[in-house]
Amino acid sequence: MNLRRLRIHRIAPGLAGSGAALLAAAVVVAGVAALVAWPHGERSASRLDSPAAVAPAEGEHPALARLRAHSREFVPQLLKVAEGVHVAVGHGLANSILIEGTDGVVVVDTMESAESAQAVLRLFRTVTDKPVRAIVYTHYHPDHTFGAAVFAEGRPVEVIAHAKTDALLNEVLDVVSPTIYPRSMRQFGTHLPPAKVPNAGIGPRLDFVEGRNRVALLRPTRSFDDALDLEIAGVRLQLRHAPGETEDQILVWLPQSRVLLAADNFYRSFPNLYAIRGTPYRDVRKWIASLDAMRALRPVHLVPSHTRPVSGEDAVMRALTDYRDAIQYVHDQTIRWMNAGLGVDEIVQRVVLPPHLASSPYLAEHYGRVDWSVRSIFAGQVGWFDGDATRLFPLPPAERAKRLQALAGSGRTLAQEAERALGAGDLQWAAEMAEAALRLAPDDRSARATKARALATLGERQGSANARNYLLTAAGETSGELRIAPRDPSRTPPELLHAFPIDAFMRGMPVRLRAERALDVERTIGFSFPDAGAHWTLEVRRGVAEMRPGRPDRANARLTLAADRWKEVAAGVRGLPVMLATGDAKLEGSLVDLIATLRLFAE
């Protein structure tokens, strides 16, 4: 490749867009055999081993060595998962799954282009020549949909998808495509020389060769909202809405063989809770709920739409549990530290996976990253502004760079620069420099006074009431003249506390877990609220608190009391020991375990 001619350019009209367009823009895996020189052919999924470690080459960074080892996940093969179920791995960014019935087959996900679909169809035809009766899209992303017509082989075929999929496909042409397209090309390294791209994290490589690739999309002909049960060619399929990476994501469950097709809600990497190419907020709480729905099925085989399948009930349950725990850990601890008043940059430094999750073979950060996820969750909850008043009106990047250059040669400290800027009426720069000085020396009274005066003067000059009030309040807090007291739950009016639904009350508990104190704790507590007819199970599992409706099968302790009384206990209005002594609450099991568990949630 002539690197001097390398450029990021737009592709054929109609292919560049957001969401799906990240792949639609350029989704063809070209030259896979040259990238990963492995033989094609069928192999039993049950024989798959974890990728072996790859020692760094001389001068090679260990991270690159680990990423090269991950490339073994994408050996181009057709894998037999169970009788009648095969998956093509490594022939494109995504997998395509073949389900064989008595007189026909179902294809789940159809690759990213006509060319990649043709390669997979040839492999499928080594297994069976039965006609394709139906195609299922697990979601709208083009690496799962743009090869469909190839599998139809010129015959009418039913195409099944979630009710939102067709509209999301239309967003391939939305207004942000000029932004999303170049970011997508950067994320997938599409314009880099092959030697520079060991893999794309969830597939071998995302390539685009202009004028060579064809889109073979078929529009859905049948859709559903929550659930759809089918029998096609003698095979029973249960399709369920499972939002996560996308809002239209579905899972496919084959009850006869206990095979679960997990779509993009699970693959062998820490998930893309946020994609740096740019995506709308991905609701990770829905993602966790979808993984819990998968766990409830207790699959024997787990087939993701990226990376290889997992077989064996214990192995599948362990993989799914670790995956959902990792996502919940990042979500809950981000919210916990937000509620403690930390900014996103501070939270990123605190939230890292516990060792037992960080070492999971399914959670290496080959695709998504924990720090990006923290930032996405933070922004998804409170938006772009992190609460620091000095960042309400940041200087433009070029102006900031110019001032930093001048400061570098001035010999002034940050505090001195802040004071100089304040005297010159350069208020925003004074506030930023004073805040930076306080990061290094929080007790610097002079820097604190400078920041307070800069914010106060900025506030007095605002025509926006919101900006004025925020800046003036922050100035008062900085100087010590004002203090916003932490919210005291014990002062919540009883009528407001009692009106709060018990379900919402229980579901809000996990984000208060002090995870660092629970990394070695595995304990289950049952809660029964007879007056509300509700039962809940709290399972603390090594840094994660899973709260789910229903009675626990086994528990260290079971607490029974009225729902309103529990709200009062949790808010600090009543004491649990007194209620146990008076009989207003009843306990089965260990009081020590109950108290020790509840203390994990008290800041």
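A crossing of two helices is left-handed if the near helix is turned anticlockwise from the far one by less than a right angle. Keep that in mind for what follows. The model here is predicted.

Start with confidence. The protein chain averages a pLDDT of 89, and 90% of the residues score at least 70. Residues 1-52 are another matter: there pLDDT stays under 50. The model still has 151 contacts beyond four places in sequence for this stretch. Where pLDDT is low, the predicted coordinates should not be read in detail.

Now turn to the helices. Two packed helices are described by the angle between their axes and the distance between the axes. Take helix α15, residues 414-423, and helix α17, residues 445-460. Their axes come within 10 Å and cross at roughly 35°. The crossing of α15 and α17 is left-handed. On the α15 side, Ala415, Ala418, Glu419 and Leu422 make the contact. On the α17 side, the residues are Ser446, Ala447, Thr450, Arg453 and Ala454. Five residues of this contact are nonpolar, two are polar and two are charged.

Helix α17 has another partner, helix α16, which spans residues 427-440. The axes of α16 and α17 lie 8 Å apart, at an angle of about 150°. Angles over 145 degrees count as roughly antiparallel, so α16 is roughly antiparallel to α17. This crossing, too, is left-handed. From α16, the contact draws on Leu427, Gln428, Ala430, Ala431, Ala434, Glu435, Ala437 and Leu438. They meet Ala447, Arg448, Thr450, Lys451, Ala454, Leu455, Thr457 and Leu458 of α17. The contact of α16 with α17 divides into ten nonpolar, three polar and three charged residues.

Further along the chain comes a sheet. Strands of a sheet pair through backbone hydrogen bonds, either parallel or antiparallel.

Strand β18, residues 557-560, pairs with β19 in the antiparallel sense, over four bridges. Leu559 has Leu587 of β19 as its bridge partner.

Methods
Residues are numbered from 1 along each chain as its sequence is written. This is a predicted model: local features need pLDDT of at least 70, side-chain atom pairs count only at pLDDT 80 or more; totals for chains, interfaces and linings use all residues. Side-chain values use heavy atoms; hydrogens and water are left out. Axes are lines fitted to C-alpha atoms, for helices over the stretch in contact, and angles run from 0 to 180 degrees between N-to-C directions. Helices (H or I, at least four residues) and strands (E, at least two) are DSSP runs, numbered from the N terminus. Contact means heavy atoms within 4.5 Å. Ala, Val, Leu, Ile, Met, Phe, Trp, Tyr, Cys and Pro count as nonpolar, Asp, Glu, Lys and Arg as charged, and the others, Gly among them, as polar. Angles under 35 degrees count as roughly parallel, over 145 as roughly antiparallel, 65 to 115 as roughly perpendicular and the rest as oblique. Two strands pair if DSSP finds at least two bridges between them. pLDDT is the predictor's confidence in each residue, from 0 to 100.
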